[in-house]
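Dear colleague,

Please find below the structure that I am handing over to you. My notes on it follow directly after.

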Amino acid sequence: MSLVLSVCGGRPISQVSFRVGGPVRSTMQDAGLQIRGLLEHGSRVFATSTIVTATAEGHSTATFAKAGRNAARLAHALRALGVAEGDRVATFMWNNQQHVEAYFAVPAMGAVIHPLNIRLFPQQVVHIANHAEDQVVIVDDSLLPAFLPMLSGLSSVRCVIVNGSADLSAVRAQGVEAYSYDMLLRGQPDSYPWPDVDERSAAAMCYTSGTTGDPKGVVYSHRSIYLHSIAATLPDAIALSRRDLALAVVPQFHVLAWSLPYAAFLTGASLAMPDRFLAPEPLAAFIAAVRPTKGLGVPTVWGNLLRFVEAHPEIDISSMKEIGSGGAATPESMTRAYAERHGITLMQGWGMTETSPLGTFARPLAGAGAEGASAHRAGQGRFCAGVEARLIDPHDEVLPWDDISVGELQVRGPWVTGSYYGEDAGTQADRFSDGWLRTGDVGRISPDGWLTLTDRMKDVIKSGGEWISSVELENHLAGHPAVVEACVIGVPDDRWGERPLACVVLAGDPVDASELKGFLGDRIARWQLPERWVFLPAIAMTTTGKYDKRALREQYAQEALKVVMA
Ligand code: ADP
């Protein structure tokens, strides 16, 4: 042993000279991770993969090769319109083929794609588009009536491109150039000399939906989108491949549809785009007709779909094998219903606009068995490589990953934002801590990296110095057979500071508050049980399909809710 240690290459160690210090440069080529690369790869290698878009008549289909040619045509047209490197090209569109073409053309030519949230209030859209200094907007014809009233407020927009057959004169009447998407692309070359852009430069931007404050802009780089797309497609995440047809219910304006279009061109998975046909009935019909294998969307969409297909058993959604559900906590009862009654594995993921969004994904471990799988699915999932996480307590101490200690989740990584667009350091200081993003989410992490969120900082109910998890109460309530939806908020209480108020939508069967409280009492500590109950016909949603807790709190403060005590 000692001989081996003291001899190097046949010479005694003392005679060997080592260079000390300084990194060794790799011999690898410095090729950038660019959207151009994804576009060229997808449209060539997976030329026959398809984008299927729902239409009023049924659906239309385009191959990746065709979408790639259209992306080149769009880039030529945009350049002819004066769009230069770094310019913002916005979209006001549903999920469809042309929106995917814009997703590739705009960043690949060096400009920045900015999907606008079509469900925001007009003033918010105007504020966001002006803040981003959007110059061109591509609008679906079906959304033109909603878009036109905002146009006069859009200070930087000089050109509108309409996808579909709409009368352009209303746009021109406001002194803004207007073109039809099809006409603009017609006659343009079907290849483009894509520039070699810096992988760290801006490729796309999205604004948070403002659930907990004013919308804030996040700018994604070519590199962050590329890396995120790889992470999202890994086998223990969404697991996308050429064999899949992936249904993107998550809107393209919401965190780039969780990067699904880019991940599709990376892997060859075909895309099913529902356009404006998102209500349960047309969505179920679209699934039955085009037979996607996977779907991505927020839990409310999957809850509505589940109720619809159970009321219409003749509709065949059996092609769907897996659903990725994120953006809000997914009730375990829904996961179980999909698994037991439809053979569909519903897995939740956690993320934010700020995290591109994928932070965690809850694919059950192989061999976990039914109980183990269900326990894992109840949480938000396991952190992806690339997303570093820590939990911080109110005294700024780092907490252990013991699945017990609860604190604020902070993350950092190559697809996590380090700042907000156009905000000075002072205004965003409270959102970052030593380079970590403060997510505003509260939870615990197991020793092997499974995240269980218990709340958002703003939603957690602080009762007599203890925290009550609104998510946990909602999750259990949703498991009651008579409950369609449940949303719990904290309301002021003289004795305890705050107490939970449970807002419930019933399926139709009459149950009263004391029965629901009894149901919860079998599952949750007594001191956490709500005494205040509200029965509603529906619960207001935010523009990205989450319960609008801010609106409920305001209604409660204005005494606009009929509260029952139990
Ligand atoms: P906004 O912050 O405006 O709501 P985002 O879509 O970025 O817009 O929302 C991110 C937030 O959504 C997260 O911080 C978290 O609170 C919530 N969220 C996302 N996924 C989940 C999940 N699987 N379970 C619980 N909450 C989630």
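In this predicted model, helix α4 meets helix α11 through Val100, Tyr103, Phe104 and Pro107 on the α4 side, with Pro261, Tyr262 and Phe265 as their counterparts in α11. Sorted by class, the contact of α4 with α11 comprises seven nonpolar residues, with no polar and no charged ones. A pair of packed helices is described by the angle between the axes and the distance between them. Here α4 spans residues 97-108 and α11 spans residues 260-267; their axes come within 10 Å and cross at roughly 80 degrees. Angles of 65 to 115 degrees count as roughly perpendicular, so α4 is roughly perpendicular to α11.

What is the strand order in the open sheet of four strands? The order is β27-β28-β29-β30, and the pairing is mixed. β27 (483-493) and β30 each have a single partner strand and stand at the edges, so one side of each is left without a neighbour in the sheet. From one strand to the next, the twist averages 30 degrees.

Within this sheet, β28 (residues 497-506) and β29 (residues 532-535) run parallel and are joined by four bridges. One of the pairs places Ala502 as the bridge partner of Trp533 in β29. On the other pairing of β29, three bridges connect this strand to β30 (residues 563-565), and the two run antiparallel. Trp533 has Val564 as its bridge partner in β30, while Arg532 has Met565.

β16 (residues 345-351) and β17 (residues 358-361) run antiparallel and are joined by three bridges, with Gly351 standing opposite Leu358 in β17. Six residues lie between the two strands of this hairpin. β17 also pairs with β18 (residues 381-383), in the antiparallel sense and over two bridges; there, the bridge partner of Thr360 is Phe383 in β18.

Two places deserve a note on backbone geometry. Most residues other than glycine have a negative phi, and most peptide bonds are trans. In the turn of the hairpin, Ser356 has a positive phi of about 80 degrees. Ser356 is also joined to Pro357 by a cis peptide bond, with omega of about 5 degrees; Pro357 is found in the loop between β16 and β17. The other place is Asp275, which is not a glycine and yet has a positive phi of about 50 degrees. Asp275 is found in the loop between β13 (270-273) and α12 (280-290).

Lastly, on confidence: the mean pLDDT of the protein chain is 93, and 96% of its residues reach 70 or more. Over residues 1-7, however, the pLDDT is below 50. Beyond near neighbours in sequence, that stretch has six contacts in the model. Where pLDDT is low, the predicted coordinates should not be read in detail.

With kind regards

Terms used. Residues numbered from 1 in each chain as written. Predicted model: local features only at pLDDT ≥ 70, side-chain atom pairs only at ≥ 80, totals over all residues. Heavy atoms only, no water. Pairing = 2+ DSSP bridges. Axes fitted to C-alpha atoms, helices over the stretch in contact; angles between N-to-C directions. Parallel < 35°, antiparallel > 145°, perpendicular 65-115°, else oblique. Contact = heavy atoms within 4.5 Å. Nonpolar A, V, L, I, M, F, W, Y, C, P; charged D, E, K, R; others polar. pLDDT = per-residue confidence, 0-100.
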